[in-house]
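Subject: Structure handover

Dear colleague,

Here is the structure you asked about.

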Amino acid sequence: MTNLLIKDLKHTSPSDVVYNVEGWVRTKRDSKSVCFLEINDGTCLKGLQAVADKNVINADVLNKVSTGCSVLCTGKLVSSEGVGQDVELLLQKLEVIGLSPDSYPLQKKHHTLEYLREIAHLRARTNTIGATARIRSSASYAIHSFFQKNGFYYVNTPEITSSDAEGAGEMFQVTTLDLNNIPKTEDNNVDYSKDFFGKKAYLTVSGQLEGETYALALKNIYTFGPTFRAENSNTKRHLAEFWHIEPEMAFCTLEGDMDVAERFLKYVFKHVLENNEEDMDFFNKFVEPGVKEQIRHVSETPFGHITYTDAIKELEKKVDKFEFKPYWGCDIQTEHERFLAEEVFKGPVIVTDYPKEIKAFYMKVNDDDKTVRGMDVLVPRLGEIIGGSEREYRLDVLVKRLKDLNLKEEDYWWYLDLRRYGSVPHAGFGLGFERLIQYMTGMQNIRDVIPYPRAVGQAEF
Ligand code: ATP
Ligand code: MN
């Protein structure tokens, strides 16, 4: 007797081998002499059809079987006469392991994604969320393998930090102080010397700054872990907790950075297209028609390039199209990003050299002293998917930037040390893993591509 996963069994030829198949019943269809069960073990989208001959399988057992119950099926694979599958399992024995009464919330009918979010502990048993979970896993593997094959070391940067990497003030504070009895200093401020870390601490928004310290030791590194942002907006693209991929390369300028970003995205897209065919077909058919072709197109087309200044010129030509009127110096909005990718370039495009006022302190200042060597990769349908830059590696310029932005030099003493000792041009980028999954699957809401989304007012499970 052999135990096999349903994803493998579906492609196994009929024979006299007796298999044990474990899984959950998705549907049960009765006829006079036989009962058809669709068994799914989560290893693939479409389950295995099991056929119970009522002369062989006891009616008491069949009566216990219902949607959602777990079973152990024993039988041989035979050619299926029905449509939709090559083989089916002709049952010799059926054992119900865990019952599933009528109160099971996932009865066979259409459920909205909003409803499924309320039962996030069960929703991975649906086609959509199951397929998303498998693609997440496959994409994670591709991400690690891309970097590992290209000489990048995986570095784990801290989750708790005392520096705000983005300077955007969207951080969650971490404290063990008793909020009902906060210790105060003589001048009536919170006395953080009494807090756990002896100073104010936060959940990190990005591992970049610590990542840079390792790039300046190991040359090419990447991080892949959760980061946190107290995003106060309720959007379909923002989570309070998301998985962040952040490569950092020493001896590298913006050109090398853009090249890695492009090769990286293409590699991951190709991997998923090749390895998750059944799930991608599902998204292509039921979630975002054409998504497979789009992903394939992106994985084969050279990315476009445009400077921020030229991008604004393009946008100004079509001013009437936008809710937010573009002008030089404005932050490019999602509607603008999409326009550039969808209408102007008809594919992915990398925008570079943004005004320094709208970008973070660590980006390298250009000779014009107005723009910085930042880049955003924009894709159709989503807008920004990657944000990156060449880092300011000149100590004097970086110190001046901190001062201009009212950031305290002493808070960044170790970051500045990288510019004091063996400084080199270096660059990197950040990619939100969930944005990537959203893009590949065509799922509308980022909360449906992470198992347990965290957002304003949402921390259940
Ligand atoms: P946005 O303008 O979309 O808020 P950002 O400019 O804040 O993005 P960066 O600080 O450059 O983004 O972060 C790098 C990447 O992390 C982004 O390109 C995006 O893929 C992802 N990202 C940023 N914020 C979030 C979030 N709240 N939830 C999920 N992914 C995010
Ligand atoms: Mn943001």
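Which polar backbone atom is 2.9 Å from a nitrogen atom of ligand 1? That atom belongs to Leu-239. I count a polar contact as a pair of N or O atoms within 3.5 Å; within protein, one must be able to donate a hydrogen and the other to accept it, and residues adjacent in sequence count only if both atoms are side-chain atoms.

Please note that this is a predicted model, where local features need pLDDT of at least 70, side-chain atom pairs count only at pLDDT 80 or more, and totals for chains, interfaces and linings use all residues. Residues are numbered from 1 along each chain as its sequence is written, chains are lettered from A and ligands numbered from 1 in the order in which they are written, and side-chain values use heavy atoms, with hydrogens and water left out.

Ligand site

Side chains also reach ligand 1: a polar atom of Glu-231 lies 2.8 Å from a nitrogen atom of the ligand, and one of Arg-237 lies 3.2 Å from an oxygen atom. Taken alone, ligand 1 exposes 580 Å², of which the protein buries 82% (Shrake-Rupley method, 1.4 Å probe).

The ligand is surrounded by 17 residues (a heavy atom within 4 Å). Among the closest are Arg-229, His-238 and Glu-384. Strand β16 gives the most to this shell, with 4 residues (strands are DSSP runs of E, at least two residues; helices are runs of H or I, at least four; both are numbered from the N terminus).

Helix pairs

Helices α5 (residues 208-218) and α12 (residues 413-420) pack at about 30 degrees, their axes 10 Å apart (axes are lines fitted to C-alpha atoms over the stretch in contact; angles run from 0 to 180 degrees between N-to-C directions). The two are therefore roughly parallel (under 35 degrees).

For α4 (residues 127-149) and α13 (residues 433-441), the angle is about 120 degrees and the axes are 10 Å apart.

Regards

Notes: Angles under 35 degrees count as roughly parallel, over 145 as roughly antiparallel, 65 to 115 as roughly perpendicular and the rest as oblique.
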